[in-house]
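Here is a short walk through how the chains are arranged and how two of them meet. Keep the viewer open as you read.

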Amino acid sequence: MKPTTKKRSSKAGLPPGSLVHIGEKKAEEVEITVFSFNESGLEEKEIKLVEECFIYKEKENKTWINVEGIHKVDILEKLGACFNIHPLALEDILNTDQRPKIEDFGDTIYIVLKMLSLSQNSFNIVTEQVSIILGQNFVISFQEGIKGDVFNPLRERLRANKGKIRKSGTDYLAYSLMDAIVDSYFLILERLGERIEYIEDELIQKTTSKTIKEIHTLKREVLFLRKSVWPLREVINNLQREDSNLINESIKIYLRDIYDHTIQIIDTIETFRDMLSGMLEIYLSSTNNRINEAMRTLTIIATIFMPPTFIAGIYGMNFKYLPELDWHWGYPFALLLMLITTVSMLVYVKNKKWI
Amino acid sequence: MKPTTKKRSSKAGLPPGSLVHIGEKKAEEVEITVFSFNESGLEEKEIKLVEECFIYKEKENKTWINVEGIHKVDILEKLGACFNIHPLALEDILNTDQRPKIEDFGDTIYIVLKMLSLSQNSFNIVTEQVSIILGQNFVISFQEGIKGDVFNPLRERLRANKGKIRKSGTDYLAYSLMDAIVDSYFLILERLGERIEYIEDELIQKTTSKTIKEIHTLKREVLFLRKSVWPLREVINNLQREDSNLINESIKIYLRDIYDHTIQIIDTIETFRDMLSGMLEIYLSSTNNRINEAMRTLTIIATIFMPPTFIAGIYGMNFKYLPELDWHWGYPFALLLMLITTVSMLVYVKNKKWI
Amino acid sequence: MKPTTKKRSSKAGLPPGSLVHIGEKKAEEVEITVFSFNESGLEEKEIKLVEECFIYKEKENKTWINVEGIHKVDILEKLGACFNIHPLALEDILNTDQRPKIEDFGDTIYIVLKMLSLSQNSFNIVTEQVSIILGQNFVISFQEGIKGDVFNPLRERLRANKGKIRKSGTDYLAYSLMDAIVDSYFLILERLGERIEYIEDELIQKTTSKTIKEIHTLKREVLFLRKSVWPLREVINNLQREDSNLINESIKIYLRDIYDHTIQIIDTIETFRDMLSGMLEIYLSSTNNRINEAMRTLTIIATIFMPPTFIAGIYGMNFKYLPELDWHWGYPFALLLMLITTVSMLVYVKNKKWI
Amino acid sequence: MKPTTKKRSSKAGLPPGSLVHIGEKKAEEVEITVFSFNESGLEEKEIKLVEECFIYKEKENKTWINVEGIHKVDILEKLGACFNIHPLALEDILNTDQRPKIEDFGDTIYIVLKMLSLSQNSFNIVTEQVSIILGQNFVISFQEGIKGDVFNPLRERLRANKGKIRKSGTDYLAYSLMDAIVDSYFLILERLGERIEYIEDELIQKTTSKTIKEIHTLKREVLFLRKSVWPLREVINNLQREDSNLINESIKIYLRDIYDHTIQIIDTIETFRDMLSGMLEIYLSSTNNRINEAMRTLTIIATIFMPPTFIAGIYGMNFKYLPELDWHWGYPFALLLMLITTVSMLVYVKNKKWI
Amino acid sequence: MKPTTKKRSSKAGLPPGSLVHIGEKKAEEVEITVFSFNESGLEEKEIKLVEECFIYKEKENKTWINVEGIHKVDILEKLGACFNIHPLALEDILNTDQRPKIEDFGDTIYIVLKMLSLSQNSFNIVTEQVSIILGQNFVISFQEGIKGDVFNPLRERLRANKGKIRKSGTDYLAYSLMDAIVDSYFLILERLGERIEYIEDELIQKTTSKTIKEIHTLKREVLFLRKSVWPLREVINNLQREDSNLINESIKIYLRDIYDHTIQIIDTIETFRDMLSGMLEIYLSSTNNRINEAMRTLTIIATIFMPPTFIAGIYGMNFKYLPELDWHWGYPFALLLMLITTVSMLVYVKNKKWI
């Protein structure tokens, strides 16, 4: 969850469109799978050599090429050359620090999104960049290649010919990929929400300095999430207003739906922020309150014991001529003196409302 | 009042338009009532089988179908099929996490709002989602089905043929439903306002840590309220600018009225927020003030009693050769010494303005 | 200055345009005065029966009807019926919780403003709602009816035929009413400003917990003022852009003038807010500073007196075999020991910069 | 630097365009100087009677009339009548509480700005309002009349015929006046900047409560500056977009230049605000840190000396049968006991990380 | 990193377009290098006399003139005269306090940017202003002249004829210069990011007052960076929308790319700000927490030792008639009394939850 500018500077000075992979290498091999389909049939294939993809360029079928692993620059170069992907788009696919955005290159539309997941034990958000190239009869998606993605239900729908997915065009396929990613955010929100509520309950019972650190960790995760989701809103908004023949008018109602989801996610994130800020405020004011209580206790104890200790000190002095020491009622007198002093001090302090 | 994303993730991967009920099941049965009316007559009917509604589709009368309970997906499917409700609208009706919004599907307009109420004892806001489908000659409203809604006065007006409600079109009916919901917010605001003022008075008299927690609870309620009302503004604004033949031009002045109410509600919510923040500030600064007072008391007491106790300690030592002990005026001398030390310390400390 | 939603909920469920008086009843009787004038003459009259007003509807003279007291719904209904006031406007006139706004009903323009005054002793802002109905040849103004308004100089100008007021149309009269109200805000700002400066001076000299409460009270008053003035800006702006034949083009330069005043008032309010926030910051940091000073004093005193008191305690022990007690230089030795301990502790603590 | 609403209320109730001087009287006499010039010649003249100005109205030369001292209403009235100044503009010239603004009256453009200077010793910003009336062949500028203005270099350029000033029209002259005023802000920024840095250095070395007060004073000065400069941005922006034949197209590039300066000034002001806020934060956290250090010191001292003092107290008791007192090794035993107790307490407290 | 208004005031009063160098003199000599190239050839030359540049004005080749050192006003004047640079642009080139901006003068476009670098040891950002003049067949860039710039890779590309740089027009060259500058920001972000993370780790382990000062220093650096980058966004946006024949339509896709980079940089800066603010919050709450712990420790110690010390004091009094002293079980009785008092006090205090 570090600010993801690592190694970005390694590209400083290179001409625009230079293909350099920026980010962690998250997969060993590059895996390419192809779904080629129309309403009546579906071909699913694992590709070994990138050149095998090229035939799909000219086919009438709609084709979805999914590339997992983007660290091999040559594979991307070949794909780009075949499918007419703009060099700047290729550059952005390789740069995993990308902000969600959309770019219309005329014959292709390039969309970049973040696929998020929570690591199992900690509440650490793991990001994977997903790039989608939408063409007339193809969609190419690029993932960084962490094992497991959110597209499996989509693959099932393709195989089973469920819903409109095989009947509609590539724009609907691209929409479905985006929808799958946005839907997966809700799971993260739910888990974060549960964690926040758990800590909130803990906060009311007792507060350790561990709590404060967890609140701050969650706050940072929420900030990070916000940074990933916020630009999405604009991306989908732009996609809606896009005047491209790649995007059918009939698809726009679905884009509006996904837009509403994004707004809802942002809303929830803002609520989380407010809750976490509120928790920090509770923590601070309850700490202050406890300092106050401890302070008052100490003051009361000092007020009770300091004056009589002083009096005891006086009659513990060894002066030869200390008349009270010889009185018969000296001891009770001293005790009484202590009592009176203490009580009157307490009363005075209380009246002044100092404690 | 938890962030309402519960179970939303259960839909991840399903195609758009999949009908899954998301949220708590708040009613046992689904209750459907129909008001079919025109200026001269009114038919009110409780429906057992959803199919009984279908005849109203073709009637010339205006029809209001109110559905309480949305957990039975098949009933909604049938209604949707008959009244041409868009699958995405149906999906949103079932999803009780919806943000207030408006969607124009051409032959129907879909509006979703939040009906709010305060639970009796605590100041806990209970939400119920209300969806309104506005068609040419019908309005269908969907409630989650908590017993009791804010539409009863409206029903009375329908029965008694009071005001314009039976004379006007379905757009006026839809407006009246929205107006009833927005009007009910004022009651919540009033009760919250009274509570805030009560706590404010309490805060001035004495502050316990319970107060701080209640302030925070109220703050969260106000935040929650804000989240429900804020998008409403945009909803009604969009409705005003809607260029649909479902919405008569003459109705727009009423929409402007409801818009003004929404603005007023948002204004009051913002005032509440400011008041609650101000109260937290008072709390913090008064706690700090009390730490300060206790601290000063303690310092003064220590300044008064530590020096003479030390002197008493000196003359309590058992040295064989401690000349002062044998003086005749030793005891008064020691007392005087104590007095001088204490007074001069106090004066010094006061002058330095340290306490 | 409580959030003014009192009794607003009593209208929940009523059809729009229902006339219910919301707010305090601030006058016993309803007083209606009429000024009917043109450039050459003026008729001033106190009205007993509301029906007496009706003749002015058809007169060629310009007429200003001022109604003080809005709690008698029937009077408003009759006026509304005669002068074609829209039911929604009438409803808003009766609802004293209204936000400043403007509504163009075609043949009349409805403007609602807040007339503010400070109660004599406390710095409590008293609000009175003023509604203005601007028609072709009449202006009707409604006040809640607290004795005394800011329109007296205007009445004098009417009687004396000073300035353009009798020469111009009803739009100029309506402008003059608004101008009188906005001008009166400056007086409140001045008195608040003086009070803020007075407290600021007090804050520098000494701070009691009363000060902090007064700062907060002023902050709330300023917030309240802001809430009343802020929407005014939009009101006057809308009035300027109004494309109505009720508002002459030549009047717009005066509206721009009043707009500038509003901006200036808002500016001053924001300055007040910043000043009050700054004062709270000073208060907090000076309290913290004083805790720090008291703390350091206490630590120094403890550092000075605890070690020698301990040493005195040692030589106050009654052990049979305590060799130092029998030394001839035992007493000076003990005093020296105390001095050395104390000084070295103080030096150590100072060096560590702990105090 | 008080919020400048003084005496503004004295105008309440007067008709618009009433000429009343609002603000301090900053000059004894009204001084009027005239520069009448064209490319080839220049006439400079001190005016005694305002009527002497009138001839310049009809001259072909360009004329700059500079009026210092605005408290004599009759002089302004005569000037206004001769040069066709709109009554509302005259009213604004007299009201020194004006916000920077621009008003286009058709045949004249009225611009009002603030001329700022720092008083010599304190960092107190002194404001003087400057009004500029731009006509076809004349510019009239009004100053409140504090001795010394920023226009002297401009006068020199006029006399020496340096630059474009005598060759260009009155719009260039008006621009030059504004430019001179805006340029003078940089001097104030520089002096404020130096002061802020000086205090920042002081803050790192040691902090007195005087520092905190100076930070707050500077913060208020910066706020005041911001209030004067912020509207300027809009003023110059409006002037650029003004579609008036008084403003030549060729002048607009200069207005853009002045606009850039204004943006830069606002930028610097915002930086100052951030710096001052940061300084307050440092102050607060360092105070807290010092409370913490003092607290820990006190706790350590108490932990070191309280337990052995108690043990010494025990063996200072005078019980007849207190066996340890008679032991031969009693004294060393007691000392050892003290050491053990203290060390174990310190270890315990350290382990618990309480101090 | 001081607010860069130094000496800006020295220009107050001068006419617009006056050429005065404002800022530090960062180079001894002025160095001018010329690259004159077309697709087939390249001429690289170091210029001694500024007049040598003039021939490139009329050449068909594209020319890049790079000027390092801007303190010699006459050189700039001559260049400006030859290449038709507008006086206001020349003035801005000389003023190193410039905000990033773009100005279209018709036959040239003037762009000003900030080149940033981090000083080696401290995290101090060093600024160098870069001005770019884009003409039909030339680009002139002005640097303040600190040794070493970010253009070397660009020079290599020119010499090696790599990429599109020699094939494209001067607009592509200007874009490449801007791209090189923006790319170099990433390096600064990375180093700042590493530093922030390092301090964050340090903060969790232990906090000294040095940490807090470094956080504040970083915060100021980030603020400074933000001030330099923020206007860049608008600059590039304006350049994209520029309707000038100097900027080819085909270049706009590259400008969009650079715009995305700028947004990403701003995003990262905002993340840094949030992180640093969060760190300050952690610091404050952990300091408060430690005050609380120390306070509680002190209170517990006082509660444990004050009461028995007082009791020991009582039996250390020297009264003749103090019966307990003569009891045989007096000593154990006293010890028991101490134990009971202490334990009951601790229990009482714990129950009250005061500590």
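## How the copies are related

A word on the model: it is predicted, local features need pLDDT of at least 70, side-chain atom pairs count only at pLDDT 80 or more, and totals for chains, interfaces and linings use all residues. Residues are numbered from 1 along each chain as its sequence is written, while chains are lettered from A and ligands numbered from 1 in the order in which they are written.

## Where chain A meets chain E

Residues count as in contact if their C-beta atoms, placed from the backbone, lie within 7 Å. By that rule, chain A puts 50 residues into the contact and chain E puts in 57. On the chain A side, the elements giving two or more residues are α5 (209-241), α6 (252-314) and α7 (330-351). Helices here are DSSP runs (H or I, at least four residues) and strands are too (E, at least two), numbered from the N terminus. The top contributor is α6(A), with 19 residues.

Only 18% of the interface residues of chain A are also interface residues in chain E, so the copies meet through different surfaces.

## Two domains in chain A

Chain A splits into domain 1 (8-285) and domain 2 (296-351), with bounds that come from an automatic or database domain assignment. Taken over C-alpha atoms, the centres of these two domains of chain A are 77 Å apart.

## The sheet in chain E

Over in chain E, seven strands make an open, mixed sheet in the order β2-β1-β3-β7-β6-β5-β4. Strands pair if DSSP finds at least two bridges between them. At the edges sit β2 (42-47) and β4 (101-104) of chain E, each pairing on one side only.

Zoom in on β1 (residues 31-37) of chain E: this strand runs antiparallel to β2(E), over six bridges. One residue pair to find is Ile32(E), whose bridge partner in β2(E) is Ile47(E).

How values were computed. Two residues are in contact if their C-beta atoms, placed from the backbone, lie within 7 Å.
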